[in-house]
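Look at the sequence and the structure shown here.

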Amino acid sequence: MTIKRGARSVFHDLGFSFEEAENLRHRSDLMIALSELIKKRRWTQAVAARAIGVSQPRISDLKHGKLGRFSLDMLVQMLCRAGVDVKIVLGRRSSRRPPKRAA
């Protein structure tokens, strides 16, 4: 068996373009943060849905990690409705450079 060290993002390792892998990584980070907040506050799915202003099935989708059902914008809105101050920090990329594109 050969073991290969992966990239920083499992999504890139799965074959997504650099841009899409970054988008998926950011969305998954926000989904994890929101799920942990719901757990920390001991909210049921119904209580979380009311507090965040979405339906209970949306909370279920969140808890089951259904990335395709959430945009970055929606996740930021949900976190803000839950009382979280969301900040976006921009920085210079170091070793996570996108692959060179063919000409």
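## Basis of the model

This is a predicted model, in which local features need pLDDT of at least 70 and side-chain atom pairs count only at pLDDT 80 or more, while totals for chains, interfaces and linings use all residues. Residues are numbered from 1 along each chain as its sequence is written, and side-chain values use heavy atoms, with hydrogens and water left out.

## Salt bridges

Side chains of opposite charge can pair when their charged atoms come close. A salt bridge here is a side-chain nitrogen of Lys or Arg within 4 Å of a carboxyl oxygen of Asp or Glu. The structure has 5 salt bridges.

One of them joins Arg 25 to Glu 22, with 2.8 Å between the closest N and O atoms. Both residues belong to helix α2 (residues 18–40), where they are 3 residues apart, about one turn of the helix. Helices are DSSP runs (H or I, at least four residues), numbered from the N terminus. Arg 25 and Glu 22 are both buried; buried means under 20% relative accessible area, exposed over 50%, and partly exposed in between, using a 1.4 Å probe and protein chains only.

Another salt bridge links Asp 85 and Lys 87, whose closest N and O atoms are 4.0 Å apart. Asp 85 and Lys 87 are both exposed. Elsewhere, salt bridges with shared partners connect Glu 22, Arg 25 and Asp 29 in one network.

Asp 61 forms a salt bridge with Arg 69 (3.6 Å, N to O). Asp 61 counts as buried because its relative accessibility is 10%, whereas Arg 69, at 48% relative accessible area, is partly exposed.

Asp 61 is one of the buried residues of helix α4 (residues 56–63), along with Ile 59, Ser 60 and Leu 62. The buried residues of α4 pack against α2, α3 (45–52) and α5 (72–81). Just after α4, Gly 65 has a positive phi of about 70°.

## The nonpolar core

A nonpolar core is a set of buried Ala, Val, Leu, Ile, Met, Phe, Trp, Tyr and Cys residues joined through side-chain atoms within 4.5 Å. The largest one has 20 residues, and those with the most contacts inside it are Leu 34, Ile 38, Ile 52, Ile 59, Leu 62 and Met 78. Helices α2, α3, α4 and α5 are the elements that each give two or more residues to this core. Its largest share, 7 residues, comes from α2.

Which residues does Leu 62 contact, leaving aside its neighbours within four places in sequence? With contact meaning heavy atoms within 4.5 Å, Leu 62 touches Met 31, Leu 34, Ser 35, Ile 38, Phe 70 and Leu 75.
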